[in-house]
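Visitor: I have not seen this structure before. Please show me how to read it.

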Amino acid sequence: MKHVIAFASKTALTLALLYIVLDLMYQVTFLNVLFITVILSLITYLTGDCMILPRTSNFTAVAADFGISFIILWIFLMNIGGFNVSPAAASVISALCISVFEAFFHRYLQQYVLPEDYQDTTETDSTLWSYQTEASEELVPEKDPQEKT
């Protein structure tokens, strides 16, 4: 249930941000903004929030969300057309606004949503990946003279 509430709040706030940037500034229709918001929220929640954030830091997840948001917005805005400015500029501004929101949203996820589902494996990962090698002073083993070959 926590994931449903988190996804719904992410979708609502992303819709508000994209409505302000795309609809009011660049005159994209509301249905296009709604469609972009649903697709963008679904993809970024599954990849950035559920896969990348638990395994990395907040900064890495925000950078990944920025890249994913920019690419998705740019593809959709290229296909919509009808801009006075380039779709890349609208995509960068929208992705930056979403990234600022994502930085705070990731803190909410880490505090209230992810600890229940995600086990912190930093201790087990360090023991799984710590290898130990043997070292000795001799390079060639010495044979016992009384040992029969």
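Visitor: Is Asp49 buried or exposed?

Guide: Buried means under 20% relative accessible area, exposed over 50%, and partly exposed in between (1.4 Å probe, protein chains only). Asp49 is buried, at a relative accessible area of 0%. This is a predicted model, where local features need pLDDT of at least 70 and side-chain atom pairs count only at pLDDT 80 or more, while totals for chains, interfaces and linings use all residues. Residues are numbered from 1 along each chain as its sequence is written, and side-chain values use heavy atoms, with hydrogens and water left out.

Visitor: Which side chain does Asp49 meet in a salt bridge?

Guide: A salt bridge is a side-chain nitrogen of Lys or Arg within 4 Å of a carboxyl oxygen of Asp or Glu. Asp49 meets Lys10 in this way (2.9 Å, N to O). Asp49 lies in helix α2 and Lys10 in helix α1, so the pair ties together parts 39 residues apart in sequence. Helices are DSSP runs (H or I, at least four residues), numbered from the N terminus.

Visitor: How many salt bridges does a search of the whole structure find?

Guide: The search finds two. In the other, Lys10 meets Glu102 (2.3 Å, N to O). Glu102 lies in helix α4, so this pair with Lys10 of α1 ties together parts 92 residues apart in sequence. Lys10 is buried, with a relative accessible area of 0%, and Glu102 is buried, at 1%.

Notes:
Helices (H or I, at least four residues) and strands (E, at least two) are DSSP runs, numbered from the N terminus.
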